[in-house]
Amino acid sequence: MAVKIEKRSGCVIATLDGDIDHHTAKNIRESIDSEVEKTKPKILKLDFNKVNFMDSSGIGLIMGRYKLMKLLNGDLELINVSQRIGKIMRLSGIYKLKKY
Amino acid sequence: MKIINEMRLVFPSKSLNESFARTTIASFISCLDPTISELADIKTAVSEAVTNSIVHAYKETVGSIYISSQIYENGKITIKIKDKGSGIEDVKKAMEPLFTTGGEERAGLGFAVMQSFMDKIKVISKIGKGTTVTMEKTIIPRVKLNK
């Protein structure tokens, strides 16, 4: 699993690449949080285009980043969510937090 | 119903083995030619059960996780994931969506995912002895199975 972090006009975009599980979530979380806490963006975008697999550890990761962005009065956006990963997102109810 | 193939796997409760466990099961059931969606469901359920053993059962230690799986003639797959860890005090409560003892970053959805992505799930647990999760899913074989 690799995370590419980019900054673009008030936005932090984290492109996730590979599998998201309990093993990989820690590194992803640390990479994203260190950038977000440093730059305090208005919007954090998580890009799932290159994610092959995600279990409920990914839901914990999203919920944690959602809370962090709320603390910073910012927003979280999930982009390029495939049907496969969308299934666990729908089950978790995170779409109810915000309409993506 | 006749078993056409079976396997057993034992590995230490290290988090890097979460991916090993789910990809091994995916490879084992590939003879049924599952759809991408069926494969993703089974991989996710296995990942959840193994993660529970790592995060909860063997919280402060490393122990063995035992997986056994059978494929039946009609396309039924059974997967048993067992640990000899701390056990679950209240299985019914642990299976409620969003219930977790795993801290802030755990969603508490492991059992909800297993229930939703598999046809059947049974959990047997005893404090101090461990937990066994047995799951079932039938996939209609799209290829003739070579017995």
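The questions below cover the interface and then the pockets.

Reply: This is a predicted model, where local features need pLDDT of at least 70, side-chain atom pairs count only at pLDDT 80 or more, and totals for chains, interfaces and linings use all residues. Residues are numbered from 1 along each chain as its sequence is written, chains are lettered from A and ligands numbered from 1 in the order written, and side-chain values use heavy atoms, leaving out hydrogens and water.

Me: What area is buried between chain A and chain B?

Reply: Contact means heavy atoms within 4.5 Å. On that basis 22 residues of chain A touch 25 residues of chain B. Buried area is the accessible area (1.4 Å probe) that two parts lose on being put together, summed over both. Carbon and sulfur atoms give 56% of the total, which is about 1900 Å².

Me: Which residue of chain A meets B:Arg22 in a salt bridge?

Reply: A salt bridge is a side-chain nitrogen of Lys or Arg within 4 Å of a carboxyl oxygen of Asp or Glu. Three of them link chain A and chain B. In one, at 2.9 Å from N to O, the partner of B:Arg22 is A:Asp21.

Me: Which element gives the most to the side of chain A that touches chain B?

Reply: Helices (H or I, at least four residues) and strands (E, at least two) are DSSP runs, numbered from the N terminus. α1 (22–39), β3, α2 (56–71) and α3 of chain A each give two or more residues to this side. With nine residues, the top contributor is α2(A).

Me: What is the volume of the largest pocket?

Reply: On a 1 Å grid over the protein atoms alone, a pocket is an open set of points where a 1.4 Å probe fits, with protein on both sides within 12 Å along at least five of seven lines; lining residues have an atom within 4 Å of a point. Here 34 residues form the lining, with B:His56 and B:Phe111 among those nearest the centre. Grid points are joined across faces, edges and corners, and a volume is the space filled by probe spheres set on the points. The value is about 590 Å³.

Me: Which element gives the most to the lining of the second largest pocket?

Reply: This pocket holds about 260 Å³. Its 17 lining residues include A:Arg84 and B:Ser37, both among those nearest the centre. With seven residues, the main supplier is α2(B).
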